[in-house]
Amino acid sequence: MRGNAWAYNLAARYYDILMEEATRDIRPGAVSALELAAEERLLIVGIGTGLDLPLLPRDQHGLGLDLSEGMLREAARRVARLGMPNFELRQMDAQALDLPDRSFDAVYLPLIVAVVPDGAAVLREAARVVKPGGQVVVFDKFWPEHRSLPPGFRGFSELVGRLASHLDRRWSEIHAAAPGLEVLKDEPVLLRGYFRLITLRSRD
C-alpha cells in the first residue's frame with residue numbers, strides 16, 4: 001500500500017476522536033467556500049471518515065476518495081447513517097485520479113496535500129478534473145513562506161510523513177503545479193496560520 005495508507009487504516013476507528021473537535025470550526029467555512037449549487041457534483045479527495053458529510057445536503061451528488069480501506073469503511077458507515085444516496089465512495093490514489101477531465105463542479109482537498117508523498121500532484125489532479133470556473137478548496141498545514149526550515153527538519157518531516165503527515169510543505173511549491181487555479185482567498189485558521197483554508201477557482 002502506497003505512502004502512509006497503512007497507518008490510516010490502523011487509525012481509522014479513532015480518527016474522529018482525534019480530529020472532529022479540532023477541526024469543527026473550520027469545516028463549515030470550507031464547505032461553504034465550495035459554493036455548490038443544487039445538482040452540482042462535488043469531489044472530496046482524501047475524504048477520510050467523512051467528517052464533512054454532515055455539512056452537505058442529503059441529496060448531494062458527489063464522490064469521495066481515499067486510499068485507506070479503513071477510512072473508507074468509516075466513511076461508508078457515515079454515508080449510510082446520514083442517508084446520502086447520491087454520494088459515492090471509491091478507493092483511489094489522490095496523486096493519479098482515474099477520473100475524466102473537467103468532470104466535477106467543485107473539488108475539496110481536506111488535509112490531504114500534506115499527507116501524500118507528492119502534494120503538488122494532488123493539486124494538479126484537482127485542477128484537471130474541476131470544470132472551468134469551478135472552486136477548489138484546500139484545508140491543510142503549510143510551512144510559512146518567510147521562515148527557513150530548522151536543520152534536520154526536512155528529514156524529520158519525511159519520517160513523520162510516513163506515519164501521518166508531512167510538516168514542511170510550502171503552499172507556493174504546491175500551487176506552482178497548478179497555475180490555472182487562481183487563489184481567491186487564503187485564510188489562517190489554526191496554530192497561528194500553520195493550518196490554512198485556501199479557496200481557488202479554475203481559470204482553464
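**Salt bridges and a helix face**

Arg 154 is partly exposed, with a relative accessibility of 47%. Here buried means under 20% relative accessible area, exposed means over 50%, and partly exposed lies in between (1.4 Å probe, protein chains only). The model is predicted, so local features need pLDDT of at least 70 and side-chain atom pairs count only at pLDDT 80 or more, while totals for chains, interfaces and linings use all residues. Residues are numbered from 1 along each chain as its sequence is written, and side-chain values use heavy atoms, with hydrogens and water left out.

Arg 154 pairs with Asp 168 in a salt bridge, where the closest N and O atoms are 3.1 Å apart. This pair links distant parts of the chain: Arg 154 belongs to helix H6 (residues 153-161), whereas Asp 168 sits in the loop between H6 and helix H7 (171-175), 14 residues apart. A salt bridge here is a side-chain nitrogen of Lys or Arg within 4 Å of a carboxyl oxygen of Asp or Glu. Helices (H or I, at least four residues) and strands (E, at least two) are DSSP runs, numbered from the N terminus.

Another salt bridge joins the side chains of Arg 78 and Asp 16, at 2.9 Å from N to O. Here too distant parts of the chain are linked, with Arg 78 in helix H4 (residues 69-82) and Asp 16 in helix H2 (residues 15-23), 62 residues apart. Arg 78 is buried, with a relative accessible area of 9%. Asp 16 also counts as buried, at 19%.

A further salt bridge involves strands. Asp 105 pairs with Lys 131, and their closest N and O atoms lie 3.4 Å apart. Asp 105 is in strand E4 (residues 104-110) and Lys 131 in strand E5 (residues 130-141), so the pair ties together parts 26 residues apart in sequence. Asp 105 is buried, with a relative accessible area of 17%, whereas Lys 131 is partly exposed, at 32%.

The pairs described here are among the 11 salt bridges that the structure holds.
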